[in-house]
Amino acid sequence: MKDKKRQASSQLDNEETKQFLAALVESNQTRDQMTEFWNKHSMAQSVEEMMLDSKAETLTQDEHPEVMGMLPCIKGKDVLELGAGIGRFTGDIAKDAHHVTAVDFMQSFTDKNEEVNGAKFNNIDFVCADVTKLDRPQGSYDVIFSNWLLMYLSDEELEKLALKMLQWLKDDGFLFFRESCYHSSGDMKNSENPTVYRTPQMYTDLFSAVKKQLPNGDVTRLEVVTYRSVEAYAKHKQNKHQFFLVVEESILKRWKQRKFTRIS
Ligand SMILES: C[S@@+](CC[C@H](N)C(=O)[O-])C[C@H]1O[C@@H](n2cnc3c(N)ncnc32)[C@H](O)[C@@H]1O
């Protein structure tokens with residue numbers, strides 16, 4: 001009887017180990033595919049590569065000011081820019097912000113960003129790192145900005161990053177991100193495209209599942225407070241599925257002080 005139990009429990013252990021290893025292999029494969037995709041698309045460090053579109057120069061003239069215009073006030077703020085690429089947005093953010101940390105996992109993009117924007121501004125740190133492995137000090141940013149990054153992360157990676165972002169934000173901080181939803185937006189042909197095209201609702205659900213307990217016992221979570229489609233893409237490409245979303249930390253549950261009565 002004891003032997004049978006031991007056998008069953010070791011079979012269970014084996015099954016769990018197998019599942020764990022399969023998940024690990026899958027997550028490593030995703031990371032390799034995403035890295036490989038950007039290795040292929042970071043040869044020229046051009047705006048066409050950033051937007052994966054041959055008409056990028058025309059598009060960016062309308063799209064860039066529209067995205068910046070949608071960004072809530074960043075004057076004097078500490079900003080973390082994730083997936084900064086060659087720095088299409090980095091310089092404009094640095095103009096108003098107190099400090100910018102611009103992160104991208106392609107060394108060639110990070111170098112180009114530093115060459116262009118590092119020469120004009122002295123309030124930018126350029127960091128070459130994969131955001132899935134990134135660590136920053138707790139409560140160090142007012143704003144986390146990303147334009148077309150989250151679609152290069154799996155759901156699991158995005159959940160982990162969202163939890164970290166919740167820790168990195170200062171009180172009253174916010175997150176601004178823009179993504180291609182439903183389908184691709186560029187006209188560059190890719191035989192292998194690992195991009196994850198979510199719906200705005202999927203982002204809303206993913207973010208709201210992330211919770212943090214404060215030292216006073218309150219529980220907070222990330223909540224999408226605004227989202228809208230980017231008009232420049234509707235105008236130039238009849239594509240209404242380019243969305244920006246603003247996410248804030250909000251109190252989910254306030255800790256209630258319980259009153260204990262002494263029974264003597
Ligand atoms: C479509 S480009 C957008 C670049 C820039 N934000 C812009 O709008 O011009 C996506 C960028 O995300 C970067 N990226 C993708 N996955 C990343 C990751 N896991 N960690 C850091 N950067 C990443 C790519 O190298 C690329 O520069």
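Analyst: Here is a walk through some of the labels, each set against its cut-off. Keep in mind that this is a predicted model.

User: What does the chain come to in secondary structure, and how much of the chain is buried?

Analyst: The chain has eight helices and eight strands. Buried residues make up 34% of its 264 residues. Its C-alpha atoms fill a box of roughly 70 × 55 × 35 Å along the principal axes. Looking at contacts between residues at least 6 apart in sequence, 65% join residues at least 24 apart.

User: Why is asparagine 190 called partly exposed?

Analyst: Count its neighbours: asparagine 190 has 13 C-beta neighbours inside 10 Å. Buried takes 20 or more and exposed takes 12 or fewer, so a residue in between is partly exposed. That is why asparagine 190 gets the label partly exposed. You'll find asparagine 190 in the loop between β5 (169–180) and α7 (200–208). Phenylalanine 37 is 153 residues away from asparagine 190 in sequence, yet the two C-alpha atoms are 9.2 Å apart in space.

User: And what makes valine 225 buried, exposed or partly exposed?

Analyst: Valine 225 has 13 C-beta neighbours inside 10 Å, so it counts as partly exposed. This residue lies in strand β7. Leaving out residues up to four places away in sequence, valine 225 touches Val246, Val247 and Glu248. Its C-alpha atom is 9.6 Å from that of glutamate 249, which is 24 residues away in sequence.

User: Which residues of α6 do count as buried?

Analyst: In α6 they are Glu157, Leu158, Leu161, Ala162, Met165, Leu166 and Trp168.

User: How do you know that the length of helix α6 agrees with what a helix should span?

Analyst: Helix α6 covers residues 155–168, which is 14 residues. The rule is 1.5 Å times one less than the number of residues.

User: What makes β7 and β8 a pair?

Analyst: Pairing takes at least two bridges between two strands. Strands β7 and β8 (residues 242–253) have ten bridges and run antiparallel, so by that cut-off they pair. Along the way, glutamate 223 stands opposite glutamate 248 in β8, and threonine 226 stands opposite valine 246 in β8.

User: Which other strands are joined by bridges, and how many bridges are there?

Analyst: Three bridges join β6 (residues 211–213) to β7 (residues 219–229), and these strands run antiparallel. Lysine 212 faces threonine 220 of β7 there. The hairpin of β6 and β7 has five residues between the strands, and glycine 217 in that hairpin takes a positive phi near 100 degrees. Seven bridges join β5 to β8, again antiparallel, with phenylalanine 243 in β8 as the bridge partner of glutamate 179.

User: Where does the label "Methyltransferase" come from?

Analyst: From an unreviewed UniProt entry, which places the feature "domain: Methyltransferase" at residues 79–173. In the model, that span is 34% helix and 28% strand, and its end C-alpha atoms lie 10 Å apart.

Note on methods: Residues numbered from 1 in each chain as written. Predicted model: local features only at pLDDT ≥ 70, side-chain atom pairs only at ≥ 80, totals over all residues. Helix = DSSP H or I, 4+ residues; strand = E, 2+ residues; numbered from the N terminus. UniProt positions renumbered as here; feature names shortened; annotations may be inferred. Contact = placed C-beta atoms within 7 Å.
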